[in-house]
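This report describes selected features of one protein structure. Please consult the sequence and coordinates alongside the text.

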Amino acid sequence: MGRMNVNLYNAAYAFKPQNFVGETMEIAIQRIHEKLGDRFDTLMNVHDEVIGQCYPRHLNGLVRDIEELSSYPVMIHGRELDIPTDFKSGPNWADTEEIRG
């Protein structure tokens, strides 16, 4: 619902991949909640990001588990695509550092 111009076409081309990322994140959040809900609280979902909290003692195991539960490979034009995950941790949003799974 807009003017027929390059911006409208760009938005239309971007819709499918952006929507796929959002849907994939919802699947991951559901899996995480079902399997890890007793150790990880999901606080916010922002398109391609999930923000949550856990006790520090659970962090290392949760990173591995969340990485596995977030994996959702799909075939696109004969090639497998699995969106990678990365993790940051800290006592607050301002003081986070990247961590490895």
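## Basis of the report

The structure is a predicted model.

## Packing of helix 1 and helix 2

Helix 1 spans residues 6–36 and helix 2 spans residues 59–70; the two pack at an angle of about 135°, with their axes 9 Å apart. Helix 1 is therefore oblique to helix 2. The crossing by which helix 1 passes helix 2 is right-handed.

On the side of helix 1, the residues that meet helix 2 are Ala-28, Arg-31, Ile-32, Lys-35 and Leu-36. Their counterparts in helix 2 are Leu-62, Asp-65, Ile-66, Leu-69 and Ser-70. Classified by residue type, this contact comprises six nonpolar, one polar and three charged residues.

## Ser-70

Ser-70 lies in helix 2. Its relative accessible area is 13%, so Ser-70 counts as buried, the cut-off for that class being under 20%.

When residues up to four places away in sequence are not counted, Ser-70 touches Ala-28, Ile-32 and Thr-85.

## Asp-95

Asp-95 is located in the loop between strand 5 (87–89) and strand 6 (97–99). With a relative accessible area of 46%, Asp-95 is partly exposed, because the value falls between the limits of 20% and 50%.

Apart from neighbours within four places in sequence, Asp-95 is in contact with Ser-89 and Gly-90.

Terms used. Residues are numbered from 1 along each chain as its sequence is written. This is a predicted model: local features need pLDDT of at least 70, side-chain atom pairs count only at pLDDT 80 or more; totals for chains, interfaces and linings use all residues. Side-chain values use heavy atoms; hydrogens and water are left out. Axes are lines fitted to C-alpha atoms, for helices over the stretch in contact, and angles run from 0 to 180 degrees between N-to-C directions. Helices (H or I, at least four residues) and strands (E, at least two) are DSSP runs, numbered from the N terminus. Angles under 35 degrees count as roughly parallel, over 145 as roughly antiparallel, 65 to 115 as roughly perpendicular and the rest as oblique. A crossing is left-handed if the near helix is turned anticlockwise from the far one by less than a right angle, and right-handed if clockwise. Contact means heavy atoms within 4.5 Å. Ala, Val, Leu, Ile, Met, Phe, Trp, Tyr, Cys and Pro count as nonpolar, Asp, Glu, Lys and Arg as charged, and the others, Gly among them, as polar. Buried means under 20% relative accessible area, exposed over 50%, partly exposed in between (1.4 Å probe, protein chains only).
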